[in-house]
There are 2 protein chains.
Amino acid sequence: MKTNTAPPSGMRDLLPEQVELRDRATRAILGAYARFGYSRVETPALESLERLSTGEGGDNEKLIYRVLKRGGKLDIGAAKGPDDLADLALRYDLTVPLARFYAEHAGHLPDPFRSIQIGPVWRAERPQKGRFRQFTQCDIDILGDDSERAEIELIQATATALATLGLDGLTVRVNDRRLLAALVRSCGFEADSLPAVFIIVDKLDKVGQDGVRKELLAKGHAEQAVGRLMEVLARSESAGADDDLLGWVRETLAQHEADSNDGARVAEQRLSRLCDLASRHLPEGVRVAYDLTLVRGMGYYTGTIFEVSAEGYDFSIAGGGRYDEMIGRMSGRSVPACGFSIGFERVIMMLEERGGLPGEAGSRVALFHDKDADTDALLAAAATLRVDDRRVTTLVRRKKFGRQLEELESRGFDGFAVLEPGKELELRTLGGSGGASS
Amino acid sequence: MKTNTAPPSGMRDLLPEQVELRDRATRAILGAYARFGYSRVETPALESLERLSTGEGGDNEKLIYRVLKRGGKLDIGAAKGPDDLADLALRYDLTVPLARFYAEHAGHLPDPFRSIQIGPVWRAERPQKGRFRQFTQCDIDILGDDSERAEIELIQATATALATLGLDGLTVRVNDRRLLAALVRSCGFEADSLPAVFIIVDKLDKVGQDGVRKELLAKGHAEQAVGRLMEVLARSESAGADDDLLGWVRETLAQHEADSNDGARVAEQRLSRLCDLASRHLPEGVRVAYDLTLVRGMGYYTGTIFEVSAEGYDFSIAGGGRYDEMIGRMSGRSVPACGFSIGFERVIMMLEERGGLPGEAGSRVALFHDKDADTDALLAAAATLRVDDRRVTTLVRRKKFGRQLEELESRGFDGFAVLEPGKELELRTLGGSGGASS
């Protein structure tokens, strides 16, 4: 009887070719990060449900997979809701676990600590094309460094990793939460309305200026404030690559003296320096640009924020920023923190569209034999072929040998040999079909 | 306020040094397997609860982490037990998911299919030293090949991977479930009592011969049968490395003609060939030995079974065998299958005891600068150092510079440079302390 053997809804099995591309991309990214002095750490897939329900994770907390209590701890009769039935949950990101990790282990870690994390996270999203309920995140973070150096290095390392993958047309867009706040305040919005306004402005890419305007008005914000904000957004949209948009923001804020503040001035200067440094130290072909509409969804960001977009794609492929207060909320000791996360699944999707990653792999050959071949001779022959990094697969030769060779070639094999009693082993080249014939 | 920042009970955070050793061991193992033509695949961490509750997983199914249903599917009031509240569960091993994977994707996979899996599994065991509730398994399997070649190749590849890690004093112990069954039957046990007898014999290492005898008698097995079985176990224990134990078993079974059968004869011949082939084709220093007491816990094994033990350790570091019927139970189409699983956590523990893995790593240097150094100059200097695979970490120079250098050295750094305005960058060597001074 055939049972349902599909993976759970919204989750994937990964076939050999898929895993190989992912592994090669992972090696390239981790190699780039290692050269910047980052070290990989790991936390368990499960965290306490309490830890993942503090509000730190924003909307992601609604998508949590809870793990049922076990044994005597489970009291179904007394349970009023799901939180009474569960004690653990699958992590929905790598940032909250890292903050916990650092709060727990800081004494055993270098100061500042440069971390790499790559691993699966889980969100019970509505299944849809390109969205998965288990997916890989790849983050770097610097903990314990409040300087601009941390921010520029994260941008540089991430841009280098993405460039190493052969991705081009990349732009790092930067903003600062404090500057964004000052700008929205200068339009006439109240300080306590900022989080709600941010969430609406964050939808600009999806709903356009008119959509943002309508939603702001529908939420009851003052018409005059909304009108001013729309002017700011329009000015941003019309700005060319060479326009000094940051200069314009500086002047705009100066005119609203009452609403500007030291934080905004510091943020503006820092952003200006960041753009300047990045333009000189990013890998070739990676641009940096101030984007006054950049919001980033999470509530925990406290300063500089950044995202990477790629020409021809309407989604960002990496994002991050400074979150100086999260660790303090856990450990009671304030620690500056800043991170950059690569959207690994999106990057893999782009690489698949481009036909994979060039180079590497190494020779892969098949050693054919008859079904009743002498195993001892077969093992000896395989051992003579299995030198250096060559991958040797032993295979029973089929009747339709030509078709078998074609199949191997399509799987990336580049050579084969046939075990024949009394004959010397000869390694022959596979391929050329579809390739250059010069 | 300091909150509890420890990972969940029985689970671990992995610090940079730990991850580095694990990553290097993983690369060595996967490299060895790749040379035998194996390809890595991945399945989700979660499987349907139903899939993980078929009995296939034996006692591991009792240790399952269930994931709570979400939204409207969760009906707490109507739930009679935990299984009514959950629809998914975390996998407790990689074999059941692989069988599901193959049943689902066989049409897109080579035939036979050589798979590698490495990844976390979860079991809600009572927390104890050296046992974790999330731990890594590392399996290779050959699906679609019923020949002895599959078995010898799995043994060869696994032994090669373990030898690559520098582990020595390794013995591959082999047995066959059919031969074990015939032997136990020949002592006078009934066919339907075999699974229960196997479970008790499997405890031989822990409880000794006397413990096995007592438990068999306590379970009501016939005194005469128990007595004969104890003679067999005693004969096995007293056998020297050069004794032909398999020949003795052959004779013993021949004397009990009524209880022997074709399956046992085939199994005995296969084992004999396997030992012979393995002794000629295993990496240097790895022995192979027939172990008539080898049981392997899981119920799904159907033929050859194997384990690897290491001198000086009382646990096995790898185990596996043939499980020809599991995939058929899922897909309705019978597929021969055989696998070998490395106990990754135990291997890492052994490597840690030996002080890690030799070689590799690459140069790791620090670039020191003052707190108020010019970021532009710092980035430029770091870029000049960051050549080839060299890992360059920028660090603020502390007052106690000597101590800072010592700390770096203990973390594996081998060089440093100091950024000083107007001076040329000079890369100096760290180390020598504790090393050879010749």
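These legends describe close-up views of a predicted model.

**View 1. Two chains related by rotation.** Chain A can be laid on chain B by a turn of 180° and a shift of 0.0 Å along the axis. The same surface serves both copies, and 100% of the contact residues of chain A recur in chain B.

**View 2. The residue of chain A closest to the rotation axis.** Look for A:Val67. Of the residues of chain A, A:Val67 comes closest to the axis. Its C-alpha lies at 2.2 Å.

**View 3. The contact between chain A and chain B.** Chain A gives 73 residues to the contact, and chain B gives 73 residues. On the side of chain A that touches chain B, 36 residues are nonpolar. Another 15 are polar, and 22 are charged.

**View 4. An open sheet of eight strands in chain A.** The strands follow the order S1-S5-S6-S11-S10-S9-S7-S8. Their pairing is mixed. Strands of a sheet pair through backbone hydrogen bonds, either parallel or antiparallel. The edge strands of chain A are S1 (39–40) and S8 (286–290). Each edge strand pairs on one side only.

View 5. Strand S7 covers residues 170–176, and strand S9 covers residues 304–310. The two run antiparallel and are joined by seven bridges. Across this pair, A:Thr171 stands opposite A:Ser309 in S9 of chain A. Helix H5 (residues 177–186) of chain A packs on the sheet and touches both S7 and S9. The direction of H5 makes about 65° with that of S7 in chain A.

How values were computed
Residues numbered from 1 in each chain as written. Chains lettered and ligands numbered in written order. Predicted model: local features only at pLDDT ≥ 70, side-chain atom pairs only at ≥ 80, totals over all residues. Least-squares fit on C-alpha atoms with pLDDT ≥ 70 in both. Contact = placed C-beta atoms within 7 Å. Nonpolar A, V, L, I, M, F, W, Y, C, P; charged D, E, K, R; others polar. Pairing = 2+ DSSP bridges. Helix = DSSP H or I, 4+ residues; strand = E, 2+ residues; numbered from the N terminus. Axes fitted to C-alpha atoms, helices over the stretch in contact; angles between N-to-C directions.
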